[in-house]
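Welcome, and please open your viewer.

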Amino acid sequence: MNLINALILAETTTETTTTNASSGFDPKNIIMIVVYIVIFGALMYFLAIRPQKKQQKEQQELLSKMEVGDSVLTTSGFYGVIIDITDDTVIVEFGNNKNCRIPMTKSAITQVEKPE
């Protein structure tokens, strides 16, 4: 009998302590969670989004300053000279062979060197 009474008493005391603990929200905890979310969002912006936008701006600037006769490096690693430029595409001549001219999009160019 004593063992059964002890188990019943233990269950009732556990239920009352968990009910009292979860009966209300602590405003300090909610404020801290919001502060952590804001800090994490700012960290993500300064470490990921802002540098990517800066890099995109530099690439856009590079592509807008391209001219015929510039030496370029493509994303596939080929060096060539720009022969013609249209809105979205450029025609690049590769090597000494004058018959090797390939049209490609402007976004496929990673570096531009001006002739000296």
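Here is the tour, one selection at a time.

This is a predicted model, where local features need pLDDT of at least 70, side-chain atom pairs count only at pLDDT 80 or more, and totals for chains, interfaces and linings use all residues. Residues are numbered from 1 along each chain as its sequence is written, and side-chain values use heavy atoms, with hydrogens and water left out.

**The whole chain.** Helices (H or I, at least four residues) and strands (E, at least two) are DSSP runs, numbered from the N terminus. Of the 116 residues, 15% count as buried, meaning under 20% relative accessible area (1.4 Å probe, protein chains only).

**The core.** Next, select Leu 63, Met 66, Val 72, Ile 82, Val 90, Val 92, Phe 94, Met 104, Ala 108, Ile 109 and Val 112, the largest nonpolar core. Such a core is a set of buried Ala, Val, Leu, Ile, Met, Phe, Trp, Tyr and Cys residues joined through side-chain atoms within 4.5 Å.

**Met 66.** Now centre on Met 66, whose contacts (heavy atoms within 4.5 Å) beyond four places in sequence include Ile 82, Val 90 and Lys 106.

**Glu 93.** Finish in strand β3 with Glu 93, which counts as buried because its relative accessibility is 9%. Show side chains to see its 3.2 Å polar contact with Arg 101.

How values were computed:
Buried < 20%, exposed > 50% of the residue type's maximum accessible area, 1.4 Å probe, protein only. Polar contact = N/O pair within 3.5 Å; in protein donor to acceptor, adjacent residues only side chain to side chain.
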